Amino acid sequence: MSGTLKEHCGVVGIYNHPEAANLAYLGLYALQHRGQESAGILSLDGNKMFIEKGMGKVADVINQARLAQLPGSAAIGHVRYSTSGESSLAESQPLMAKYASGTIGITHNGNLINAERIRSLLVEDGSIFQSTTDSEVIVHLIARSRAAGFAQRVIDSLSKIEGAYSLIFLTETQMIGTRDPHGFHPLALGRIGDGYCIVSETCAMDLIGATLIREIDPGEMVIIDETGIKSFRPFPSQKTRFCVFEYIYFARPDSTIHGLNVHMVRKEFGRQLARESAVDADVVISIPDSGTSAALGYAEESGIPYDIGMIRNRYVGRTFIEPKQSIRHFGVKLKLNPVKELLSGKRVIVIDDSIVRATTSKKIVSLIRGVGAREIHLRISSPPTCFSCYYGIDTPTRQELIASSHTKDQICSYVEADSLEYISVEGMRRSVGPMGDKICDACFTGDYPLPVKEEHFVQLRLFDSI
Ligand code: SF4
């Protein structure tokens, strides 16, 4: 419900299974929360690749007839929310391209911070791009690489790339999964029947009946072919900086990432928040769904009962006919409705996962006040979001992030809550246990793991090879 932060993409790959496309379809279903703008599946049958993709959610795009057009024993799939490039069919993935040595399919979760610069160099050198997506830059680099063999071409190309990537490639003879050296976004490897799968989140494996082998490590490349699995670490090692927002908000609570179940991590955020910002109240409620795990943790730690105080309408579509101004807070009301009989006359602790622009929080506080709550104490299970993301998460500009220019008290008075507290950065790090020093928390601290200004990029190597 934070509304304005969105995950970039979800990816899935199936190798050596007679129902590859069907399983990719189901895997995408489980990963739908990672992107709702477009969906697509590419399959491999013999030496031939087939692709079906379109704008919308998985169920809108892939129907029985389209699935029937995706034969073969290997497939890769993608759901997308655009944070780089435009939002159109040309930008949707998987991307498929023919080059001198064959055909490649590619799916990408993340954001390349030097893609624009590389694209300009490639265009100056005669390359023609079909889309605005940064992932196409990788395809061009692979096609132009002079390295021997596809895996070496991938390594050669990715060594020119800066940014966040969890990638799956499919060629006529192999599937490759790889994660950037910082490991910003998740990627896991599993076994299904006699074959293998690679998915963004383990919840996709649960649905398709796969068994988790392990998560793919930051900087690792896994090659799957008819001989089995091989693992390489071709990139210089870097400190792991996994996106902590995956734990806070993006990932599904039933997924396990870096060995930690997301729901349990969120509960720990809630417990820590209760320890840091106790307040007398009658009930703890959450902004569903991502605030719910933290609210349960907060209630457990504080001893104040948790209850369902906001009901979410799960059937809100992409478009609706807006009423005239006469209905206040229409957009939020469409999605959330407070339970009047529970909240009226009560002192209420409201747990949300983040505050971005604070316009949604203000409307939520107003809705709860409107049903007669006596006090409203807003508790946020992430620290103040002060900085933008450049690694695959759609955040507004820094100016639009209210915490970048307003104090906590100013935000509290803007949203008209009785009190407002955030989890501390230290508390957040403590809550992720062994991952505490392996997370990216730049949107709270400004401590960016990779340079974010174009002039910081070292391009000489790139010029050499082009
Ligand atoms: S800047 Fe924030 S949203 Fe972006 S990768 Fe880092 S923690 Fe995640």
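Alanine 358 lies in the loop between strand E21 (347–352) and helix H13 (359–370), where helices (H or I, at least four residues) and strands (E, at least two) are DSSP runs numbered from the N terminus. Although it is not a glycine, alanine 358 has a positive phi of about 80 degrees, and it is buried, with a relative accessible area of 2%; buried means under 20% relative accessible area, exposed over 50%, and partly exposed in between, for a 1.4 Å probe and protein chains only. This is a predicted model, in which local features need pLDDT of at least 70 and side-chain atom pairs count only at pLDDT 80 or more, while totals for chains, interfaces and linings use all residues. Residues are numbered from 1 along each chain as its sequence is written, and side-chain values use heavy atoms, with hydrogens and water left out.

**Backbone geometry**

- Most residues other than glycine have a negative phi, and most peptide bonds are trans.
- Histidine 258, which is not a glycine either, has a positive phi of about 50 degrees; histidine 258 sits in the loop between strand E16 (256–257) and strand E17 (260–261) and is partly exposed, with a relative accessible area of 23%.
- A cis peptide bond with omega of about 5 degrees joins glutamine 93 and proline 94, and proline 94 belongs to the loop between strand E5 (74–80) and strand E6 (95–99).
- The peptide bond from proline 288 to aspartate 289 is also cis, with omega near 0 degrees, and aspartate 289 is placed in the loop between strand E18 (283–286) and helix H10 (292–302).

**Helix H14**

- Ile411, Cys412 and Val415 are buried in helix H14 (residues 408–415); seen down the helix axis, the buried residues of H14 fall within an arc of 100 degrees, so they line one face of the helix, the arc being that of the directions from the helix axis to the C-beta atoms.
- The buried residues of H14 pack against H13, E22 and strand E24 (419–422), whereas Asp409 and Ser413, on the other side of H14, are exposed.

**Buried loop residues and their contacts**

- Serine 388 lies in the loop between strand E22 (375–380) and strand E23 (393–394) and is buried at a relative accessible area of 8%.
- Leaving aside neighbours within four places in sequence, serine 388 is in contact (heavy atoms within 4.5 Å) with Thr395, Pro396, Thr397, Arg398, Leu401 and Tyr448, and the side chain of serine 388 reaches the backbone nitrogen of arginine 398 at 3.2 Å.
- Serine 388 and isoleucine 423 are 35 residues apart in sequence and 19 Å apart in space, taken from C-alpha to C-alpha.
- Aspartate 441, in the loop between strand E25 (439–440) and helix H16 (442–445), counts as buried at 2% relative accessibility.
- With neighbours within four places in sequence left aside, the contacts of aspartate 441 are Arg241, Val244, Val425, Met428 and Arg429.

**Surface**

- Leucine 207 is found in helix H7 (residues 202–208) and, at 46% relative accessibility, counts as partly exposed.

Technical notes: A polar contact is a pair of N or O atoms within 3.5 Å; within protein, one must be able to donate a hydrogen and the other to accept it, and residues adjacent in sequence count only if both atoms are side-chain atoms.
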